[in-house]
Amino acid sequence: MSENNTSKNKFFYRFILVIFIVVSSITILIFRLWTIQVRDAELYREKAENNRIWPQRIRADRGKIITRDGTILADNRPSADVVFVPGDCPSEHYKNVAETIENLLNIPSYWILEQIENFKAEPFTQITIKKDISRSDWIRIEENSFQLPGIYVTVQPQRRYPLGNTAGQIIGYINETTRDELILYEGKYFPGDFIGRTGIERYYENILKGIDGYMTVTKYASGRPQLRTDRYGNLLLVRKDTRGHLLTEETEQRQPPIPGKDLVLTLDIQLQELCENLLTSQQGSIVVVEADTGAVLAMASSPNYDPNIFVTKGKDAERLELLQNKQPNRMTNRAISEQYPPGSIFKVFLAATALEKGVINSKTTFSCPGFFKIGGTGREWKCWQKYGHGSVTVREALAYSCDVFFYNVGLKLGVDTISEYCHKIGLGEKTGIDLPGEVPGLIPDRVWKAKINAHKPVWEQKWYPGDTVNLSIGQGSCATTPLQNAILMATIINGGHRIYPHLNADFVPPRPEEQIFSKKTLDLVMEGMKLCVEPIGEARAGTGKLAKVDGITVIGKTGSAQIMSLEHHKKYKSEEEIPWEMKDHAWFVAGVIDKTPKIAICILVEHGHHGSSAAAPLAQKIIHFFYNEKPKKDVQLIAKEPTGEKNY
Amino acid sequence: MSSIEQYIHHPPEIQFEIEDSSIHIINWRRLVRIDPILFLLMLVLIAIGWINMYSANQNEDYSYFVKHVLIFFIGLPILFFITMIDYRIIIASAPFLYALSILLLVTVLFFGVQAKGSERWIPLGPVRIQPSEINKIIIVLMLTWYFVKIGENIKKIHWYILTFIISGIPIILIFMQPNLGTAMSIVPITMIMLWIAGCRIWHWIVTVLAGLILMGFIFVEVNSLTPEKIQAGEHPDFLPLKPHQLMRIYTFFYPEADIQGGGWQTYQSRITIGSGGIYGKGFRQGTQTRLKYLPEHHTDFIFSLFAEEHGFYKSALLIIIYGLFLLRCLQLALYATELQGKLIITGITIIFLFHIFINIAITMGMLPVTGLPLPFLSYGRSFYLTCIIGIGLIYSVPREKSYLFSG
């Protein structure tokens, strides 16, 4: 027995190593288990949740754009896509389904069968058969649904601009986000999202877009969850993912989307249509502003385009043509994105400023011999009336658009006062209208000239009286947009208050800070502008007589912005021979002071040559329509209740 | 001298166990050797295995669970049968079994069906045999036979080295399948059995050090590789591994290199275990498994499934049960009456230990993925039977009756 014990002891020592190995292995495993399951449990739990949870965005519907009277400018229509899920269809029916679809939708059946073959590994993938099917196709598919197992119709909202060209440049359009934008707005926009590109769609993107919702789905390691919609466009989770795993939505975690707000515009759509019609076959712009509030009633720009081109499928050629930036650019909103020398329209501003500053008064006269010289220089500035206007007061100078009178006034005022008042009214700077792509225009001053000629000799940087003379009649480097001129006009007729033009009807204009021009000043200016349109007493009507509307007091001012020097024009024998692109731009600003609402109009016809003949008649039509015809039409409209098709 | 006289002058030694005096090769009375504690631990593990396999089966498909349960009831009679056999007969037949297993390994190399790129099967009608699994037991028997045969000669260097040739042949053959994990499992079996057999300590230590140096060398070599080079078929000259195996070793050192392949498996397995937390997600509530993020969740990564659903306490308890199981085996080895019994039990214990440790370590991202099953929990019928046969062999060894909780 003792021998046996010693041998046992001998083995016991050897066994100690093996026991040690076993115990240490178990200890190592438990320690490692502890680090993973207890110490780092939170980390791994988070990772497991990230694996599992598939947050699916529910895209918010984009808000509509409507006018104050309820006309829809932009809304969403249901666009139906046909999808096929091979897994939901017994394989022996594939051929039948493909052939039925071929008959209904004119899609080759072999193509469908090819697609089914491609998605063999993931039989529950939704294969898009056709996008944006017509309503009749949709109905036919629903009718035949009993012999189309696995065929579904899903519905997405599709942007639509019912009025087409009308106000196209104001509304703008939407487009799919680019890769750069996806990086820029990471977390806000996702592939396939639409983003406003121009106009209201872009400016009010944040309001129109709405806030996306989320649904939470537990996802398998393989296979992608998919979404479909019912026929009303409500998003549904497809019960099986692409590999056929059954899925359920965690409904309590669902975050419904908040649809984008509808945007109401101040536009008067009838007036807008009229303005656009008036400009047909011409290049130019018409802006109609409510003088007291700054609400933009019409903003036409010609030529224009139909934003539907950008949201409808199969219009690639037209889209390309638009984006090629051909002249004239149809996408440019000429009311805010183009700048023109204001020409004689600037005289309205100059007269008001000079009267306000006391440089001249109602009785101040300047003699107009048809030309103007500054003492000591040889240069001669001409008046458009070759033989002069004789001795004129400010009233006549405005009515007949005497250049020499304003050369004198401009010199007396000096460039500094001119630029100070320009700033007060908002000429030569952005008006802040709620549209993208506005240009500031330019009112030259000393600082600007020094800066622009910084690389030139000192004498070129200096501001000369001659520059002031040029500026006095809105020529030289001076440039304004039609909208700015409309604002100038509105300031004259609304009692001298700065206005802030806007398209959003909810916009509350800031309180008028100060009266830029006193009533006395404005009465004088308005009298001159009234004389421009209609005769007062003995005095004959001025350059804008074609704008006269019976029964309404219209004040106005014509303008012809030279783009070539007068010498250039002299090469041609008569006006008709001057090539179109060399003709002056025709301006007309008009205002109505004895009706409510007071409106200020600015009309620009590019290369219209004479404001009096090309632009003033348009003002007449607009005013006549707005105060005489439209109220009648409105009565008719109210009688005819609009059909209440429920918008998508 | 008459036989009676002889009996009087030389009385027979007192047998510890009466059964041993029996000349029957198969005797049902040897069933009393079944150790109740080891049997209970085994039943606990098997029950955990069933519960876990039930959880691993999803979508109303319980075929794996049914097969897993059935193999136990097939295995149980085999266990009893092996217990009844005189273990000296088994040891005596070890050279034949060894030769047969070599033959099978060669056969499987040429006619085997490859599954998942590493394991090889011999299809025999409806049954598929994986010879490399049962080979582990045969190696234990063969080494036992060899050590008993040479006795004290083990202390001589050339007999010592011959051991490595005996275990080296199957290692190389399994390695060529290629089944890295199973091939490596023979190495610790050999080393521990040499140790128990009573080799010289310095021989043993030198061998272990040489092995560690070799492993370090492999690490340096693998370190110089990149995933692109491995995919292109490049490998160290002394390490003729398939790209996917080399990739597994590589991703062990650099898990981020192959997040979709082996790295993906360990990564997801770690997430699975870790997300279980202290209390677990509940029976059949493991999201990682249910949503199929955990690969091989019913075979190699079954521990992750258990850990996810049952949490830290129960997982640690499972590991401790495995530990108690191994320690009980060693206790039985210690009290075995003969050297050959000690050797058999120790060898089989090391098979268990190797599989338990490597498998759980892999699921926790401590070792590269090699594809070793977890005893009694993993689905895999060849290995399950191997485990049951191993336990049968442990029971068939005669023991002294003077140990703790002896039945």
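1. Pro597(A) sits in the loop that links β19 to β20 (599–605) of chain A. The peptide bond between Thr596(A) and Pro597(A) is cis, with an omega of about -10°. Pro303(A) belongs to the loop between β13 and α11 (308–311) of chain A. Have a look at both loops on your screen.

2. While you are looking at loops, stop at Ala167(A) as well. This residue is not a glycine, yet its phi is positive, at about 60°. You will find Ala167(A) in the loop between β5 (151–160) and α6 (168–171) of chain A.

3. Next comes a sheet. Which strands of chain A form it, and in what order? Five strands make an open sheet, ordered β13-β12-β20-β19-β18 (chain A), with antiparallel pairing. The edges are taken by β13 (296–302) and β18 (554–561) of chain A; each has a single partner strand, so one side of each has no neighbour in the sheet. On average, neighbouring strands here are turned by 10° against each other, if direction is ignored. As background, strands in a sheet pair through backbone hydrogen bonds, either parallel or antiparallel.

4. Two close-ups of that sheet are worth a visit. β18(A) and strand β19 (residues 585–592) of chain A run antiparallel and are joined by eight bridges. Opposite Lys557(A) you will see Val589(A) in β19(A). Elsewhere, helix α10 (residues 269–278) of chain A lies across β12 (284–290) and β13 of chain A, and its direction is at about 25° to β13(A).

5. Now the two chains together. How many residues of chain B are in contact with chain A? There are 35 of them, and they touch 32 residues of chain A. On the chain B side, at least two residues each come from α8 (180–197), α12 (262–276), α13 (287–290), α14 (302–334) and α15 (339–363). The most come from α14(B), which gives 11 residues. Sorted by class, this side of chain B has 23 nonpolar, nine polar and three charged residues.

6. Two packed helices can be described by the angle and the distance between their axes. Ile344(B), Ile345(B), Ile348(B) and Ile351(B) of α15(B) meet Gly390(B), Leu393(B) and Ile394(B) of α16(B). Six residues of this contact are nonpolar, one is polar and none is charged.

7. α15(B) also meets α8(B). Their axes come within 9 Å and cross at roughly 140°, and the two helices are therefore oblique to each other. This crossing is right-handed. The contact includes Pro188(B), Ile189(B) and Ile192(B) from α8(B), along with Ile350(B), Ile351(B) and Phe354(B) from α15(B). By class, the residues of this contact are 11 nonpolar, five polar and one charged.

8. Finally, a word on confidence. Chain A has an average pLDDT of 86, and 95% of the residues score at least 70. Where does chain A stay under 50? That stretch is residues 641–648, for which the model has seven contacts beyond four places in sequence. Where pLDDT is low, the predicted coordinates should not be read in detail.

Terms used
Residues are numbered from 1 along each chain as its sequence is written. Chains are lettered from A and ligands numbered from 1 in the order in which they are written. This is a predicted model: local features need pLDDT of at least 70, side-chain atom pairs count only at pLDDT 80 or more; totals for chains, interfaces and linings use all residues. Two residues are in contact if their C-beta atoms, placed from the backbone, lie within 7 Å. Helices (H or I, at least four residues) and strands (E, at least two) are DSSP runs, numbered from the N terminus. Ala, Val, Leu, Ile, Met, Phe, Trp, Tyr, Cys and Pro count as nonpolar, Asp, Glu, Lys and Arg as charged, and the others, Gly among them, as polar. Axes are lines fitted to C-alpha atoms, for helices over the stretch in contact, and angles run from 0 to 180 degrees between N-to-C directions. Angles under 35 degrees count as roughly parallel, over 145 as roughly antiparallel, 65 to 115 as roughly perpendicular and the rest as oblique. A crossing is left-handed if the near helix is turned anticlockwise from the far one by less than a right angle, and right-handed if clockwise. pLDDT is the predictor's confidence in each residue, from 0 to 100. Two strands pair if DSSP finds at least two bridges between them.
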